[in-house]
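Good morning, everyone, and thank you for making the time.

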Amino acid sequence: MRVYELIKKKRDGGALSREELRFLVGGYLSGEVPDYQMAAFLMAAFLRGLSREETVELTEVMLRSGEVLDLTEMDAPRIDKHSTGGVGDKVSIVLAPLVAAAGVAVPMISGRALGHTGGTLDKLESIPGFRTEMSIADFRHALWETGVAIMGQTDDIAPADRRLYALRDVTATVESIPLIASSIMSKKLAEGLNGLVLDVKTGSGAFMKTMEDAEALAAVLAETGNSFGVRTVAVITDMDEPLGRTVGNSLEIKECINVLKGRADEDILDVILTLGSWMLYIADWVQRAVDEPGTEVPRITSVDEAALSEKRAELKELLESGTALESFVDFVERQGGNPEIIANPGLLPGASRMKQVHAPSDGYVQRVDAEKIGIASMLLGAGRQRIEDRIDHGAGIMLNRKSGSAVRKGDPVAVLHYNDEGNLAEVLQLVNEAFVIGPEPPGPRKMIRKVVL
Ligand code: URA
């Protein structure tokens, strides 16, 4: 086999077999295939696309490039959730302990903030003492003990993705649906899951700005997960406006504590309960098959709406009774974090300066542009422009008003929290632009746009 021929085949619109993909990716990892040939292949794949079969094969090759966790010794079904990334997306921090409180094991390997989007690991690390770097053995123990463990990617998990992503990042080949799908799924499938719920975001603050692209990505992700026997459902949710009230690490942890204490905004609660009920639904689906040894877990092709609503009610009860909060405390303590933050959120890192942003006119907030708020928050220090940048955990933006709110000229619509005022003028301009005010109330915001089985 010659790499030149494989690049040419993809360039001319052909499809590569598993052996050919393995030869290419394996050769890249061993150093036999140089960056320039892999970059040429990635560009050919970007322009020509990959078939569903090629996407699955590429995922498999990347998954097998590293360690795949075997968690079959656990009694509980193992179900994770993955979001394609957004602004103010703190869902995992509430959802993982909440679903664990319902008896499902949640092994979660998460990511960091980059560009205008936030990262679960950075948010958790604003809790004093919290460790997101764990050995696989410790991850497994934490999962046994508390039903939930969240850590960062290790060098051993899907190393091919790490190398390929770095190359895609500098060759303008990130925004390819099959390459994104194989990248995400190679990491998720290494977690030893029975089921996976994907939160595919759409709107200004999302990777997939249009519903059409979000649907295409959701379909490939669901197909890929299911073809590995992991029962996968993709939920397309709105990311045109930040989720909840806060953007920035400590601020978001404070909001999570409020959600767990029963004080949640409707938008974030809807997303948490929808994704969570799907996680419990898949867990039951898997459990039924496991209870009948020898039965292969069938793919979910239709939904029992009554059963799904029951799961939603169960999660609400866990939140209202304080059980989910107890599960969060166990999770934080198990990973070395100080649980005192729940009673005393002042222990979280803060900001030395605050500044209000005011409504420019009377009216109703039509929208709060997620991408602009995400960039503004990053410029305040809450995110990273480049992977090596340091994060200021105390920086961020509090949104006093969201779409649908009535405002009077001069009302404070947002508060900036910062320690470094270097980018303040640019941040103020972005936040002012993000708030669109109009004379009439906007239509209702639909958080759950579509479910793809
Ligand atoms: N997230 C990933 O993990 N991979 C991509 O390619 C894009 C987003």
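Let me begin with alanine 376, which has a relative accessibility of 0% and therefore counts as buried, the cut-off for that word being under 20% relative accessible area. Before I go further, please bear in mind that what you are looking at is a predicted model. Alanine 376 sits in helix α15, and that helix as a whole is mostly covered, with 10 of its 13 residues buried. Among the buried ones, besides Ala376, you will find Ala370, Ile373, Gly374, Met378 and Leu380.

There is something else to look at in this helix, namely its length from end to end. If a helix of 13 residues were straight, it would span 18 Å at 1.5 Å a residue, but α15, which runs over residues 370-382, spans only 15 Å between its end C-alpha atoms. To place the alanine relative to another part of the chain, take valine 197: alanine 376 and valine 197 are 179 residues apart in sequence, and their C-alpha atoms lie 30 Å apart in space.

From here I would like to turn to the charged residues. How many salt bridges does a search of the whole structure find? The search finds 43, and I have picked out three of them for you.

In one, the side chain of lysine 201 meets that of aspartate 199, at 2.7 Å from N to O. Are these two partners buried or exposed? Lysine 201 has a relative accessible area of 0%, so it is buried, and aspartate 199, at 0% relative accessibility, counts as buried too.

In another, arginine 131 pairs with aspartate 138, and here the closest N and O atoms are 3.7 Å apart. Arginine 131 is partly exposed, with a relative accessible area of 36%, whereas aspartate 138, with a relative accessible area of 18%, is buried.

The remaining one joins arginine 445 to aspartate 267, whose side chains meet at 3.2 Å, N to O. This pair links distant parts of the chain, for arginine 445 lies in the loop between β12 (435-438) and β13 (448-452), while aspartate 267 belongs to helix α12 (residues 266-291), and the two are 178 residues apart. Arginine 445 counts as partly exposed at 27% relative accessibility, and aspartate 267 counts as buried at 9%. Both residues also take part in a network of salt bridges, in which they are linked with Asp238, Glu241, Lys402 and Arg449.

Let me now move to a patch on the surface. Which residues gather in a patch of negative charge there? They are Glu326, Asp330, Glu333 and Glu340. If you look for glutamate 340, you will find it in the loop between α14 (323-334) and β7 (353-358), and with a relative accessible area of 47% this glutamate is partly exposed.

I will finish with lysine 254, which is located in helix α11, residues 249-260. Lysine 254 has a relative accessible area of 30%, so this residue is partly exposed.

Key:
Residues are numbered from 1 along each chain as its sequence is written. This is a predicted model: local features need pLDDT of at least 70, side-chain atom pairs count only at pLDDT 80 or more; totals for chains, interfaces and linings use all residues. Side-chain values use heavy atoms; hydrogens and water are left out. Patches are made of residues with over 30% relative accessible area and no salt bridge: like charges are joined within 9 Å, nonpolar side chains (Val, Leu, Ile, Met, Phe, Trp, Tyr) within 5 Å. Accessible areas come from the Shrake-Rupley method with a 1.4 Å probe; for residues, only the protein chains shown count as cover. A salt bridge is a side-chain nitrogen of Lys or Arg within 4 Å of a carboxyl oxygen of Asp or Glu. Lys and Arg count as positive and Asp and Glu as negative; His and the chain ends are not counted. The place of a charge is taken as NZ of Lys, CZ of Arg, CG of Asp or CD of Glu. Helices (H or I, at least four residues) and strands (E, at least two) are DSSP runs, numbered from the N terminus. Buried means under 20% relative accessible area, exposed over 50%, partly exposed in between (1.4 Å probe, protein chains only). The expected span of a helix is 1.5 Å times one less than its number of residues.
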